[in-house]
Amino acid sequence: MSGRGEEGLTLVVRKPCFNLPTGCPDCLPVYIYLKLANLHFHLDFNLIYPESDIIPYVETGNYVAYNNERGGAIECLRQDGILDLDSEFLSIPEWVSAKSMVSSWLADAVLYELWLGTDGGSAQKVYYSDLPWPIGKVLFLKKAYSVRLQLGIDKENAERKEEQIYRNANLAYGALSTRLGEQNFLFENRPSSLDALVLGHLLFTLQVLPETSVLRSKLLEHSNLVRYAEKYMTELVEVGTSSSSARSNSGASSSTPRRGPYNWSSKPKPKPKREKTNEEKTFKRRAKYFVGAQLVAVLLFLTLIGGGDVAEVELDDDEGYDYSE
C-alpha cells in the first residue's frame, strides 16, 4: 500500500440493508476486499444518486478510485499501487480464468435475477426505497428494460437466454466449489480480489435475493460455498463493521454520523432544532434540482419508448414470458 493510503480511506457505497453493510452487489466486493486487507476505513452511504455508475468508489486524500473506470474500484486500487492483493496471482491461468468467470457468468446471473428473474422487491429496496414511489417504480422499469437489452433478451429468445444464464451460473458454482474444497481461500490459502468478488456474490445471493430465487436455490446445492460465505459473514461483516467508521453520504461527501449496518432500521433519537448552515441550504437546493431532473428523465423516458415498451418490461403470463417463474 502506497503512502497515499496513510491519509485514511473512505469507501462510498449504497445503503445498508438485508443485514449487510451495503445491499449493492457492486459495492459488497469492494467492502470485502478492504476488509480482507485488514485496512481501517470509513464507510459512507450515498443516498442521492441510486443508479450512478461511479458507486462504489474509494477516496484517500486527493485520490479517488471510481467503479466505472479501468475495470472497477478494486482494479484501480491495484493499478495505482494503493492496495494490491493480486500481485502473486496474475500469472496463474486458473486464477485469471476463475475471475473472468465470476465477472461474467455470475455477474450476469445476478443482473438477471435482480431486475428480471424475481418480483423486483430486492432491487427496489436496494436502489429506490429513498425515492418517491412513482419515480422509483419508473426508474426500476427503465433499468429492467436496459438490462434486457444488455443481456440480449427479447420475446423470441427469453426462455433460451434464461436457461443459458442459469446453466452458466451452475457451472461456475460447481467450478468454484471444487476449487475451494475445505480451504479458507480459493487460491494458495491467501485472500485476493477473486475471494472478494466471490464472497460479495455469495452474500448478496444468500441475503438479498428472495427464497424463491432460482439462483439462490442453485447456490444452496454447494454446501462448502455456503459455509465459506457464512464464515466471512461473521468475520468480515458482523464483527468487522464495528472496526470501521460508518458515515452517511447524502451528497458527494458528508461527515454526518450514521448508525452501523446492523441497527440501520432503528429510529434515531430526536435532535434539537438548529439553524441550517449554508452547506445544508445548498444541499437542499441541489436535492430539489435532482428530483426535478428525475421527473424530467421519467417524462423523456415515457415519451421516447412509449407505453408499449414499458409494458414489455413486465411480460404478461399469457405471452409465456413471465420472468418471475
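This is a predicted model: local features need pLDDT of at least 70, side-chain atom pairs count only at pLDDT 80 or more; totals for chains, interfaces and linings use all residues.
Local features rest on pLDDT of at least 70 and side-chain atom pairs on pLDDT 80 or more, while totals for chains, interfaces and linings use all residues. Residues are numbered from 1 along each chain as its sequence is written, and side-chain values use heavy atoms, with hydrogens and water left out.

The protein has 10 helices and six strands; these are DSSP runs numbered from the N terminus, with helices (H or I) of at least four residues and strands (E) of at least two. Of its 325 residues, 48% are buried, that is, under 20% relative accessible area with a 1.4 Å probe and protein chains only. Among contacts (heavy atoms within 4.5 Å) with a separation of 6 or more, 71% are between residues 24 or more positions apart.

Strand β1 (residues 9-13) runs parallel to β2, and five bridges join them; two strands pair if DSSP finds at least two bridges between them. Valine 13 has phenylalanine 45 of β2 as its bridge partner. Five of the six residues of β2 (residues 41-46) are buried. Together with helix α1 (residues 27-36), β1 and β2 make a right-handed β-α-β unit: with the strands pointing away from the viewer, the path from the first strand over the helix to the second runs clockwise.

Strands β3 (residues 57-60) and β4 (residues 63-66) run antiparallel, joined by four bridges. Here valine 58 is partnered with alanine 65 of β4. Two residues lie between the strands of this hairpin, in which glycine 61 takes a positive phi near 65 degrees. On β4, Tyr63 and Ala65 form a covered face, and Val64 and Tyr66 an uncovered one.

The spaces come next. A cavity is a set of points on a 1 Å grid over the protein atoms alone where a 1.4 Å probe fits but cannot get out; a pocket is an open set with protein on both sides within 12 Å along at least five of seven lines, and lining residues have an atom within 4 Å of a point. Grid points are joined across faces, edges and corners, and a volume is the space filled by probe spheres set on the points.

There is one cavity of 30 Å³ or more. The largest cavity has a volume of about 80 Å³, and its lining includes Arg14, Asn46 and Tyr127.

The largest pocket holds about 930 Å³ of space. Of its 32 lining residues, Pro25, Asp26, Asn67, Ser103 and Ala107 are the closest to its centre. Helix α3 (93-117) gives the largest share of this lining, 10 residues.

How values were computed
Buried means under 20% relative accessible area, exposed over 50%, partly exposed in between (1.4 Å probe, protein chains only).
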